[in-house]
Amino acid sequence: MCGIIGYIGPRDAAPILLEGLRRLEYRGYDSAGIAIQTGRGIVIRKLGGRVERLAAHVSNMPVHGSTGIAHTRWATHGAPTERNAHPHLDCRGLVAVVHNGIVENAEALRTALQRKGHAFYTETDTETLAHLIEDEPGETLEARVIAALEHVEGTYGLAVLSASEPDKIVVARRGSPVLLGVGDGEYFVASDASAVIEHTRSVVYLNEGDIAVLTPEGYHIVDRESRVQHRVVDDVAWDLEELGLGGYPHFMLKEISEQPETVRSTLRGRLLLSEGDARLNGLNLTPEDCADIKRIVILACGTSWHAGLVGRDIIEELARIPVNVEYASEYRYRTHLEMPGTLAIAISQSGETADTLEAMRAAVTAGCRVIGIVNVVGSTIAREAQGGIYLHAGPEIGVASTKAFTSQIAALALLGLHLGRRRSLSQAAGQGIARRLAQLPDLVRCVLALDEQVRDIAAEYADSPNFLYLGRGVNFPVALEGALKLKEISYIHAEGYPAAEMKHGPIALINEDMPVVCVAPKDALYQKVLTNMQEVKARGGRLIAITTEGNGDLSGLVRHQLRVPAAATILSPVVTVIPLQLLAYHIAVLRGCDVDRPRNLAKSVTVE
Ligand code: G6P
């Protein structure tokens, strides 16, 4: 989704801003722009399309100055045109604004401002902010921004320039994350740390309601009443290399391939093999708290929601606590009848998904204790949750989530083990699970060796317009995830279904043209899944089976079989999902799709 980068310091701002925008590309966007204080006023360069086009435009029409702000826009209000791209100006071109989030009362504000004589140039909600600031008489830019924001309903991460105070950037946050980068004699503002870590690892995460003022001499943070606020300077642990392709053609393939290490990293220091337990100090739950949990509600979106479905089976089996898994966007607007003793778990790679954050807040209001399972350290969900588990999977750049999914399952398994051991799970059973968990990184490494086979299958089906994915039990969410990966990056219509439920509808779609991917590892439901595959075969469907090494030969039944190593049933999704990630990847590449930047999608969905 939209990205912000701003710079103030001794260097020429434009190249720094353009590089920052490149680092933000992964969030998903459709237009981009920069605004620079040139000494003769604010100059804007912006375009629809990619950052590379903007960089070419800036190199044709250079703009110099050492203070500037920049933005990648993911269209909500108004088409992704040059006109609607940020930064936006006031009537006189004296105030420039970049904005993430949504001004919900934009229409009313626009009408009121037009009545006062303001002329609007774009269809965006953001432009109202520039005119509101123009309209405020305050003595300093920060005073004008604070006064302007009094009129605004909605969410914002905001960076503002004013021609009358050329050595200043004013930043504001409500509902949309922004951080400051603290360099050596230079300062940055960004929507996420990846845009600044090339220059500094020291960041200050702004809190809700914070206003920050950046000058070449330093920065300070105030609240709405202009009272100074002290915020800690955090250290970003991610390496710059982790943000590069490292020789891979795409981030998605890099991230799929990293999974042996990323799953290991999620487990590191937490698995206690001889005790048959998991050490999860960050949960902030006492043994009594764990024993007292009556019910769990998991809140998430997208791939994280699929991980939540797997987590339900894991936690119910290991900890014997009933679990509901909710789409965060639906949960937040429902009546919440949480009974005492309900633990809410927000799962989010980015830690910034607006619906997940709001669902988590609704759960708190409903009386739940809330923990987060999050990848991005310092993100809003991580900071607002009362405890949690970091994935430690490193930055995930590819829009289609892969390594976060397997790490989320590993984290949920650690949680199930931890809760189970404080309830009725015996030490011996705990040891068994811990041992199976410890094997996962090696199993994932073995599955990755199927890559060539998967590529051949991809070549055969890359032109198919539809796909059906089937699975049962803990591998039903894997079917959902396989279908999601395919549609996200290849734009092929794909559906995931519980294998037996297929008879209640999707079976009508099956003919010789329909590839059907069936997740069928050896488990208690294997025979049932075989029957479901027979049903597909009888109707001419072309079956691709993900099955377990040592299972009988399925060649009479299926057209292709991909054999993965056996894992404990509840952990098997970590293994079975990998061929599906690879299949989606190779099909998308063969179809010439932009794998890491699929159309219309965003990595971090910060609007509801
Ligand atoms: C977007 C991303 C998905 C992700 C979902 C939830 O749709 O494209 O890959 O699964 O958001 O994101 P989160 O950061 O909360 O896990």
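**A tour of the aromatic rings**

Start by selecting Tyr 461, Phe 467 and Tyr 469: ring pairs link these residues into a cluster. Rings of Phe, Tyr and Trp (its six-membered ring) pair if their centres lie within 6.5 Å; planes under 30 degrees apart count as stacked, over 60 as edge-to-face and the rest as tilted. The model is predicted, so local features need pLDDT of at least 70 and side-chain atom pairs pLDDT 80 or more, while totals for chains, interfaces and linings use all residues. Residues are numbered from 1 along each chain as its sequence is written, and side-chain values use heavy atoms, leaving out hydrogens and water.

By the pairing rule, there are five aromatic pairs. Select Trp 305 and Tyr 327. Their ring centres are 3.9 Å apart and their planes are at 10°, so this pair is stacked. Trp 305 lies in helix 9 (residues 302-319) and Tyr 327 in strand 19 (residues 323-327), so the pair ties together parts 22 residues apart in sequence. Helices (H or I, at least four residues) and strands (E, at least two) are DSSP runs, numbered from the N terminus.

Now show accessibility. Trp 305 is buried, at 11% relative accessibility. Tyr 327 is partly exposed, at 41%. Buried means under 20% relative accessible area, exposed over 50%, partly exposed in between (1.4 Å probe, protein chains only).

Go back to Tyr 461 and Phe 467. Their ring centres lie 6.3 Å apart with planes at 70°, so the pair is edge-to-face. Both residues are buried.

Last, select Arg 83 and Tyr 121. The charged end of Arg 83 sits over the Tyr 121 ring, 4.1 Å from its centre. A charge sits over a ring if NZ of Lys or CZ of Arg is within 6 Å of the ring centre and within 35 degrees of the ring normal.
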